[in-house]
Amino acid sequence: MAFNPVIFDLQPSDKNEKEGLYQYIATFSDQSKCRLFLTKKPDWKLAHANRLLNIPCPMCRKDYYCKCMEKHLPAIEAEFLQKIEE
Ligand SMILES: [Zn+2]
């Protein structure tokens, strides 16, 4: 299913500057939330995106863990980069 991730809100969650590891909680425009695992060495790279189970998955509609977000890492990363520069 098509998924157009638009990050509506982005909150820093955890970071390890020495290792260049960062976590953010992203809220998408459909209210789904995701924990983003990023590295910054020195460019941002999105390593993982774990959907938080606040609402069913916007793609497969499961309310349990699924892998959908992992298929959209490039789009989520692009959206993150746009958001982090604001
Ligand atoms: Zn899914």
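These legends go with a few close-up views of a predicted model. Residues are numbered from 1 along each chain as its sequence is written. Local features need pLDDT of at least 70 and side-chain atom pairs count only at pLDDT 80 or more, while totals for chains, interfaces and linings use all residues.

**View A. Helix α1 and its buried side.** Helix α1 takes in residues 73-84 (helices are DSSP runs of H or I, at least four residues, and strands are runs of E, at least two, numbered from the N terminus). I76, E79 and F80 are its buried residues (buried: 20 or more other C-beta atoms within 10 Å of the residue's own; exposed: 12 or fewer; C-beta atoms are placed from the backbone). They sit on the same side of α1, because they cover an arc of only 105 degrees around the axis (taken from the directions from the helix axis to the C-beta atoms).

**View B. The largest nonpolar core.** Eleven residues make it up, including Y24, L36, L46, M69, I76 and F80 (a nonpolar core is a set of buried Ala, Val, Leu, Ile, Met, Phe, Trp, Tyr and Cys residues joined through C-beta atoms within 7 Å).

**View C. Strand β3 and its partners.** β3 runs antiparallel to β2, with 7 bridges between them, and antiparallel to β4, with 8 bridges (strands pair if DSSP finds at least two bridges between them). Y24 has L36 as its bridge partner in β3, and T39 stands opposite K45 in β4.

Conventions. The expected span of a helix is 1.5 Å times one less than its number of residues.
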